[in-house]
Amino acid sequence: MSVIRVFPESHLKDSSDPHHVPLSILDSTVGHFAPTCATWIYNPPIDGYGISTQQLVLALEKSLNVYPHWAGQLQFMPYKPNEDHTHRFGRLSILYGTKSDPGVEVVIIHRPETISSFVPSATERETGLGWWNAEEAPLIELVPNSSFLALHDLIHYEGLPAMLVQLTTFECGSLSISIKLAHPLADAQTLIGFAHNWAAITRALITGNSLPSLNVVFEPRRLDQAAAGNIDASNPNPTLIKIARDLPLHRYDRWASSDGCPSFMTEATKVPLGLDISNIILENPLPWSEWDVSAPVSHYLISFTVDEVKAMWEEASLNSDVQISRLDALLAHIWILIIRARELVYDQQPIYLNVTLGVRPRLSPPLPENFVGSPIILAKVFTVGLQPIGKIALSIRSILSKFNSMNIGAMLHDLAFEISPHRIWNAFLGLRNTIVTSWLRLETYEIDFGMGLPRFVDAFMPSVDGCVHLMENGNTNDAKKKNWYDETVSVSLHLRTNIMNKLLNDPDLRKYRKNSHEAI
């Protein structure tokens with residue numbers, strides 16, 4: 001194994017001063033999120049000529065020329081409460097273009113296995129019962145962990161990189177490429193956009209073609225400009241605060257959550273030193289009693305075919321005056337299965353689906369697709385007991401539609417004045433909460449570094465009870481797709497082991513298969 005630090009080719013080669021850029025309002029709110037991370041696993045090259053790790057590192061250096069801040073120092077802004085909103089407590093920034101930049105840490109490692117024994121192909125994952133126990137493969141060993149990321153604990157950052165990469169070669173000639181970024185610097189759309197760019201540079205180097213011109217937008221202030229009102233004023237606008245607080249968002253207050261919290265969260269529930277807490281009104285505590293962090297968790301990938309998703313959508317759309325999307329229907333079906341497995345069918349207390357929502361297209365004017373950062377929020381959908389798929393899908397659609405440019409502007413205003421961007425949690429896990437993230441439409445399986453399309457892509461998520469992730473399965477059968485639902489979809493589920501077993505044995509899991517007794 002070798003570990004190196006990589007910098008943009010342009011690092012320290014120009015005469016410009018170092019750059020110190022405050023991150024956006026939303027970037028600062030995800031400091032406590034797990035890193036944004038994915039691993040692309042490739043089959044051996046058909047012609048026997050693979051890519052060298054040296055070529056990949058060189059292409060990485062060239063790619064970082066348009067992402068130079070990722071080699072910089074992620075850190076806190078100086079706390080100056082009488083200055084603008086970027087200097088309030090706990091706000092984040094990136095300093096880059098200095099001799100002390102930590103760089104991007106790259107790990108290069110070799111494994112003795114063949115890829116066919118390590119992870120099944122897309123066809124193998126979707127045939128038979130249509131699910132795969134992801135714990136059969138040590139996928140975590142392909143993810144870089146040679147260093148902590150900067151601000152991994154919201155305390156330490158000096159000298160720590162904000163980005164890690166691991167290149168793993170296999171005995172058969174296969175390759176895996178894993179990218180891990182501190183969440184404030186990159187949501188999934190940013191990460192996958194970077195992977196596309198890095199792959200394009202790599203292919204050009206291999207073929208000797210001209211390097212492609214990469215274009216990304218790193219301007220955090222553009223998101224902050226979408227906030228309503230004057231976010232640099234001494235006090236917030238009460239009308240905008242009310243609009244924001246009326247939105248369907250959890251407001252769990254970690255400073256009110258010391259009772260019953262697990263030991264690893266004790267420090268996080270304490271009010272940071274240096275803050276004036278005399279006027280703080282504590283809000284809802286995190287419901288620790290609903291989440292047994294010691295219970296074993298299983299991880300399965302469940303495949304749903306084109307016909308299954310279509311059948312879900314058709315049933316969910318029956319007698320609906322509102323246009324239901326296929327994603328609404330798929331989320332509704334998954335949530336219903338989890339509610340059944342958790343035995344909440346007749347429960348009379350609210351049950352929550354927390355949906356990760358990107359705001360780029362929801363702002364006016366919208367942010368471009370190549371906007372770099374983490375402009376995401378978590379919306380709260382709720383139900384009581386088990387409801388039909390049409391009603392659940394309609395609830396999802398109606399809740400998500402509330403997040404328009406005007407309401408998001410009010411929400412950004414509220415967040416800009418929040419005493420700490422890490423205090424309020426908009427989601428939770430355990431019995432009554434599920435968090436879902438979709439990477440559909442991001443062309444995750446279309447990334448070719450010169451070895452063809454990937455055999456498998458692992459969107460690395462924490463193995464915690466109630467974490468759900470959606471992505472294409474990667475098996476297009478050479479068909480040209482227009483939409484994500486033109487191919488099989490892979491749903492990654494992390495659930496308590498006893499709950500997972502119930503879900504996998506639920507006859508309604510394959511309710512929308514043409515013949516529920518047949519294999520996919």
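Buried means under 20% relative accessible area, exposed over 50% and partly exposed in between, with a 1.4 Å probe and protein chains only. The model is predicted: local features need pLDDT of at least 70, side-chain atom pairs count only at pLDDT 80 or more, and totals for chains, interfaces and linings use all residues. Residues are numbered from 1 along each chain as its sequence is written, and side-chain values use heavy atoms, with hydrogens and water left out.

**View 1. Glu 343 has a positive phi and counts as exposed.**
Its phi is near 55°, and the residue is not a glycine. Glu 343 sits in the loop between helix H8 (326-341) and S12. Helices (H or I, at least four residues) and strands (E, at least two) are DSSP runs, numbered from the N terminus. The relative accessibility of Glu 343 is 59%, so the residue counts as exposed.

**View 2. Leu 151 has a positive phi and is buried.**
Phi is about 60° here, again in a residue that is not a glycine. Leu 151 belongs to the loop between S7 and strand S8 (163-170). Its relative accessible area is 4%. Most residues other than glycine have a negative phi, and most peptide bonds are trans.

**View 3. A cis peptide bond links Ser 364 to Pro 365.**
Omega is near 0°. Pro 365 lies in the loop between strand S12 (350-358) and S13.

**View 4. Helices H6 and H10 pack at about 110°.**
H6 covers residues 238-245 and H10 residues 405-417, and their axes are 8 Å apart. Axes are lines fitted to C-alpha atoms, for helices over the stretch in contact, and angles run from 0 to 180 degrees between N-to-C directions. The angle makes H6 roughly perpendicular to H10 (under 35 degrees counts as roughly parallel, over 145 as roughly antiparallel, 65 to 115 as roughly perpendicular, the rest as oblique). H6 contributes Leu 240, Ile 241, Ile 243, Ala 244 and Arg 245 to the contact; H10 contributes Asn 407, Ala 410, Met 411, His 413 and Asp 414. Contact means heavy atoms within 4.5 Å. By class, six residues are nonpolar, two polar and two charged (Ala, Val, Leu, Ile, Met, Phe, Trp, Tyr, Cys and Pro are nonpolar; Asp, Glu, Lys and Arg are charged; the others, Gly among them, are polar).

**View 5. Strand S5 pairs with S2 and with S4.**
S2 (residues 19-22) runs antiparallel to S5, joined by four bridges. Val 21 has Ile 94 as its bridge partner in S5. S4 (residues 73-76) also pairs with S5 in the antiparallel sense, over four bridges. Phe 76 stands opposite Leu 92 in S5. Strands pair if DSSP finds at least two bridges between them. Four of the five residues of S5 (residues 92-96) are buried, so the strand is largely enclosed by the rest of the structure.

**View 6. Seven strands form an open sheet with mixed pairing.**
The order is S7-S11-S18-S17-S15-S12-S13. S7 (131-133) and S13 (376-384) stand at the edges, each with a single partner strand, so one side of each has no neighbour in the sheet. Neighbouring strands are turned by 20° against each other on average, direction ignored. Inside the order, S15 (residues 433-438) and S17 (residues 467-472) run parallel and share four bridges. Ser 438 stands opposite Leu 470 in S17.
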